[in-house]
Amino acid sequence: METISHQLAAPSPSFRRTQFWCAVAVTISVFPLIWLGGLVTSHKAGMSVPDWPNSFGYNMFLFPPSKWIGGIFYEHTHRLLGTLSGLLSIALVMLAWGPARKPGTRYKIGVFTIAMFLLVAAGLGVKLYLATASQLTYEFKKSFSNVYMLFACLGVVGLLAWICRKREERRWVRWLTIVQLAAIVIQGTLGGLRVTEVNTMLAVIHGCFAQAFFCMTAFTALAMSRWWIEFRDRWNGAGAAAGRLAVRLAGMAAVLIFIQLAAGATMRHYDAGLAIPDLPLAFGKVLPPTTEAGLDEANSLRIWTYHLPPATMTQVWLHFSHRVGAIVVTLAIGFLGFHVFKNLRSRRLIVMLAALLCLLIAVQFTLGVLTVYWSKPADVASLHVAVGATTLMITTLTAAVIARQFARSKTAVVPATTRATTADSPTGWVTA
């Protein structure tokens with residue numbers, strides 16, 4: 001029997017506007033969070049609030065704004081913005097899973113939510129009473145605030161669960177929101193442990209994990225977008241090999257950018273941002289010192305010419321590796337852009353993303369140069385961190401978009417006699 005090959009297209013999930021924009025909101029909230037994290041490091045404000053999860057004994061949400069001064073402002077604002085990202089991630093999980101789909105479950109969630117808010121009201125009443133109770137300590141009164149704030153948070157979560165009555169149809173997307181929520185919980189815990197343990201390496205891990213989380217939120221938003229759901233024009237003919245090569249190039253560039261950002265985070269937290277104060281040379285030479293005598297000469301130049309404290313060999317070479325990494329990353333993005341502009345010109349979205357990457361890498365390189373030339377001003381250095389994170393995120397999205405357009409289609413063999421009927425069949429068969 002004569003046969004032909006057809007592509008099996010699964011029924012498309014429906015586009016959910018609220019869910020998509022919630023995912024976008026999570027992504028948008030992460031950008032200023034990374035930028036503020038850079039400001040915290042640049043202003044050496046990482047330990048300005050020495051306790052966690054409280055802030056100077058206050059519940060984090062009740063810490064008086066009058067006390068947000070100096071480095072405390074940067075650190076406390078960073079914590080609050082992280083909480084906002086967490087709340088949005090919880091909302092996204094609720095939208096994806098739709099816990100109130102069944103009437104009975106929705107009723108139970110509603111009762112739970114009302115109970116939590118009633119406990120909040122009761123807690124506020126008790127707090128007003130405790131405010132007049134002179135025999136209780138000030139610390140006890142402040143710690144009691146954590147109780148009714150916990151009920152308030154549970155009430156908000158319950159309200160979100162009560163509202164969400166529809167579920168995302170794609171199982172992998174639903175679980176992606178769970179992974180995203182778990183990731184931000186881990187990220188917040190890393191930030192808290194960095195404070196309580198006074199551990200610089202945890203600060204480095206916290207910074208690197210933030211970059212990966214930013215990419216995850218952006219991909220989640222892309223997977224929930226109308227474009228991703230409705231896209232059908234997969235390219236499997238001539239030029240498909242060039243598209244798949246572009247996926248590998250974008251993936252390689254993303255890995256290189258992440259390594260570069262990790263080196264930058266290590267450099268910042270170990271005070272190596274100005275270990276080599278001149279540019280493009282290193283202490284007037286092509287390579288930094290490799291011997292103790294050379295390091296002594298370089299430190300003499302740092303002290304008497306640049307008015308900077310001495311640097312260690314580790315700091316110098318950590319800084320130099322970041323410079324070399326900047327060149328490697330620039331070449332990787334440049335090669336990706338050249339390949340896209342030459343071989344994938346007909347794919348407008350991919351071309352636009354490649355052009356945006358070339359622009360971002362140019363801005364990032366310029367900010368890095370200005371950071372050294374202007375002796376590492378906090379705002380420029382923090383913007384350098386944020387643009388680097390954005391470059392990594394856009395590179396990851398570029399790889400995902402190209403992969404979506406050039407993914408190998410699954411095929412099935414069907415009888416040729418069905419050709420006339422499969423095009424309009426409700427089962428989803430379409431010609432390859």
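**Close-up views of a predicted model**

**View 1. Phe214 in helix α6.** Phe214 is found in helix α6, which spans residues 200-223. The structure shown here and in the following views is a predicted model. With a relative accessible area of 3%, Phe214 is buried.

View 2. Two or more lining residues are given by each of the helices α8 (240-269), α10 (313-343), α11 (348-373) and α12 (378-406). Helix α10 provides the largest share of the lining, with nine residues. Sorted by class, the lining comprises 18 nonpolar, 13 polar and three charged residues.

**View 3. Arg16, a buried residue without a salt bridge.** Arg16 is placed in the loop between β1 (3-8) and α1 (17-42). This residue is buried yet has no salt bridge. The nearest side chain of opposite charge belongs to Glu168, 4.7 Å away, whereas a salt bridge requires a nitrogen-to-oxygen distance within 4 Å. The side chain of Arg16 does make a polar contact, at 2.9 Å, with the side chain of Gln19.

**View 4. The salt bridge between Asp271 and Lys44.** The model contains four salt bridges; in one of them, the side chains of Asp271 and Lys44 meet at 2.8 Å, N to O. This pair links distant parts of the chain, 227 residues apart. Asp271 lies in the loop between α8 and α9 (292-304), and Lys44 in the loop between α1 and α2 (71-97). Asp271 is partly exposed at 47% relative accessibility, while Lys44, at 62%, is exposed.

**View 5. The salt bridge between Glu75 and Arg79 in helix α2.** The side chains of Glu75 and Arg79 form a salt bridge with an N to O distance of 3.2 Å. Because these residues are four residues apart in helix α2, about one helical turn separates them. Glu75 is buried, with a relative accessible area of 7%, and Arg79 also counts as buried, at 9% relative accessibility.

**View 6. The salt bridge between Glu230 and Arg226 in helix α7.** A salt bridge joins the side chains of Glu230 and Arg226 (3.2 Å, N to O). The two residues stand four residues apart in helix α7 (residues 226-230), so they are separated by about one helical turn. Glu230 counts as partly exposed at 46% relative accessibility, and Arg226 is likewise partly exposed, at 38%.

How values were computed
Residues numbered from 1 in each chain as written. Predicted model: local features only at pLDDT ≥ 70, side-chain atom pairs only at ≥ 80, totals over all residues. Heavy atoms only, no water. Nonpolar A, V, L, I, M, F, W, Y, C, P; charged D, E, K, R; others polar. Buried < 20%, exposed > 50% of the residue type's maximum accessible area, 1.4 Å probe, protein only. Lys, Arg positive; Asp, Glu negative; His and termini not counted. Polar contact = N/O pair within 3.5 Å; in protein donor to acceptor, adjacent residues only side chain to side chain.
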